[in-house]
Amino acid sequence: MSRLLPGRSRKPVVAVIRLHGVIAASGGLGRSALSDSATAPLIERAFATKGLAAVALSINSPGGSPAQSALIAARIRRLAEEKEVPVYAFCEDVAASGGYWLATAGDEIFADANSILGSIGVISASFGFHELLSRYGVERRVHTAGEDKSMLDPFRPEREEDVVRLKALQSDIHENFKEQVTSRRGAKLADKDLFTGEIWVGRRAQEVGLIDGIGHLVPKMKEIFGDKVRFRVAAPRRPLLARLGAPGVGDIAAALEERALWARWGL
């Protein structure tokens with residue numbers, strides 16, 4: 001930020017962090033995926049902004065990795081407390097599952113009247129190919145040290161004990177998700193079970209306490225900090241080949257999987 005001339009009052013600055021996309025580890029689901037390593041420089045730079053009055057999160061995500069969601073949100077909270085700066089989250093089309101986890105990093109959460117929010121749950125989906133292999137006479141050979149190393153192998157019949165283990169893992173992650181929401185939203189939450197994976201839209205989400213109100217980033221920040229507030233936007237830069245429209249190896253498959261995640265919410 002350029003220095004102000006002597007005698008001029010300092011205008012408040014709001015650093016805007018764009019968290020748009022599916023949440024996945026780096027090198028995982030697409031090059032545009034949100035991960036802790038990818039967003040860390042943006043978050044660190046935002047909180048280092050001179051004259052910082054607040055940080056605003058612009059969120060548009062259908063979810064993804066619970067670990068990466070937790071890491072990103074934890075980094076934001078850690079810096080917010082170190083810098084003693086308020087954080088406001090603004091949800092766009094969707095802030096569901098891991099996307100809502102990111103939103104809980106905000107001290108207050110706002111959304112559009114049409115935003116899809118919630119989906120506080122854990123999901124795992126796959127396919128079973130063992131009958132397909134048998135039909136075409138294909139023999140698959142797998143050798144492991146440890147009987148559970150090939151748990152939920154899609155090329156063999158599903159085992160009940162594998163499903164039991166998977167549900168136990170999901171339960172642990174679900175409890176972590178619930179703890180994150182309750183610790184951040186506290187008494188704002190309605191006295192009902194909000195952790196079934198259900199989704200809410202706009203004002204319904206406000207009624208159950210998942211958001212604080214209907215509002216958009218720029219007007220809300222001007223309402224709080226005045227019309228002279230200035231914005232500094234931090235967003236990840238897409239790779240050169242992606243900007244030129246040239247897909248890399250594996251990008252097409254990743255794009256299809258990412259498209260499916262968005263499609264769950266009709267987007």
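Which residues does Arg 185 touch, not counting residues up to four places away in sequence? In this predicted model, in which local features need pLDDT of at least 70, side-chain atom pairs count only at pLDDT 80 or more, and totals for chains, interfaces and linings use all residues, Arg 185 touches Tyr 100, Ile 109, Gly 209, Leu 210, Ile 211 and Asp 212, a contact being defined by heavy atoms within 4.5 Å. Residues are numbered from 1 along each chain as its sequence is written, and side-chain values use heavy atoms, with hydrogens and water left out. Arg 185 belongs to helix 5 (residues 160–185) and is buried, its relative accessible area being 4%; buried denotes under 20% relative accessible area, exposed over 50%, and partly exposed the range in between (1.4 Å probe, protein chains only).

The chain contains nine helices and eight strands, taken as DSSP runs (H or I of at least four residues for helices, E of at least two for strands) and numbered from the N terminus. Of its 267 residues, 40% are buried, and among contacts with a separation of 6 or more, 73% join residues 24 or more positions apart.

The mean pLDDT of the chain, the predictor's confidence in each residue on a scale from 0 to 100, is 80, and 67% of the residues score at least 70. Confidence is highest in strand 4 (residues 108–111), at a mean of 97, and lowest in helix 8 (residues 240–243), at 46. The pLDDT is below 50 over residues 240–244, a stretch with four contacts in the model beyond near neighbours in sequence. Where pLDDT is low, the predicted coordinates should not be read in detail.

The axes of helix 1 (residues 36–47) and helix 2 (residues 66–83) come within 10 Å and cross at roughly 15°, where axes are lines fitted to C-alpha atoms over the stretch in contact and angles run from 0 to 180 degrees between N-to-C directions. The two helices are therefore roughly parallel to each other, a description applied to angles under 35 degrees, with over 145 counting as roughly antiparallel, 65 to 115 as roughly perpendicular and the rest as oblique. Residues of helix 1 that meet helix 2 include Ile 43 and Phe 47, and those on the helix 2 side include Leu 71 and Ile 76.

Most residues other than glycine have a negative phi. Ser 97, in the loop between strand 3 (87–96) and helix 3 (98–103), has a positive phi of about 55° and is buried at 16% relative accessible area.
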